[in-house]
Amino acid sequence: MRIQSPYSFADTVDRLRTALAARGLTVFAKIDHQANAKAVGLDMPPATVLIYGNPKAGTPLMLAAPDFALELPLRVLIRETEDGATVVVFDGAAEFEGRHGLPAGMSAKLAPAETVIAEALAAQPSAD
């Protein structure tokens with residue numbers, strides 16, 4: 001899934017971190033690809049991956065299909081495009097259906113994360 005954010009890159013990262021935490025999801029890691037590129041003398045636009053999840057939700061999936069642990073925790077990419085827009089990219093729950101032997105219908109348990117991301121990116125009404 002790919003969603004254009006109405007917010008700046010930094011604001012989008014902050015909004016997602018806050019929204020995930022508010023819904024009981026743990027952000028296990030933040031990978032700043034731009035900073036890592038700069039550390040080795042390379043340049044790239046801002047790009048950050050948040051790795052997040054909830055062991056209460058993920059553990060039953062891994063018990064049902066142990067190899068599904070390769071997909072968890074979940075990841076969301078926030079990046080800036082060449083024209084300065086901010087986009088958010090992640091795998092939707094339906095994309096996990098049957099992966100690594102996950103039983104039919106179990107990927108739906110990951111769908112609430114999509115809602116959290118969409119709500120975090122919803123434009124705020126103007127105060128006119």
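Predicted model: local features only at pLDDT ≥ 70, side-chain atom pairs only at ≥ 80, totals over all residues.

Me: Why is Phe 68 called buried?

Reply: The relative accessibility of Phe 68 is 0%. Buried means under 20%, so Phe 68 counts as buried.

Me: What makes Phe 96 buried or exposed?

Reply: Phe 96 has a relative accessibility of 4%. That value falls under the 20% limit, and Phe 96 is therefore classed as buried.

Me: Why is the pair of Phe 68 and Phe 96 called edge-to-face?

Reply: The ring centres of Phe 68 and Phe 96 are 5.7 Å apart, and rings pair if their centres lie within 6.5 Å. Their planes stand at 80 degrees; an angle over 60 counts as edge-to-face, so that label applies to this pair. A search of the whole structure finds 1 aromatic pair.

Me: What makes this a link between distant parts of the chain?

Reply: Phe 68 belongs to the loop between α3 (55-64) and β4 (74-80), while Phe 96 belongs to the loop between β5 (86-89) and α4 (111-121). The two residues are 28 residues apart.

Me: What makes the approach of Thr 81 and Asp 83 a polar contact?

Reply: Their side chains are joined at 2.3 Å, and a polar contact requires N or O atoms within 3.5 Å. Beyond residues up to four places away in sequence, Thr 81 touches Arg 2 and Val 87.

Definitions and conventions. Residues numbered from 1 in each chain as written. Heavy atoms only, no water. Phe/Tyr/Trp six-rings, centres within 6.5 Å; stacked < 30°, edge-to-face > 60°. Helix = DSSP H or I, 4+ residues; strand = E, 2+ residues; numbered from the N terminus. Buried < 20%, exposed > 50% of the residue type's maximum accessible area, 1.4 Å probe, protein only. Polar contact = N/O pair within 3.5 Å; in protein donor to acceptor, adjacent residues only side chain to side chain. Contact = heavy atoms within 4.5 Å.
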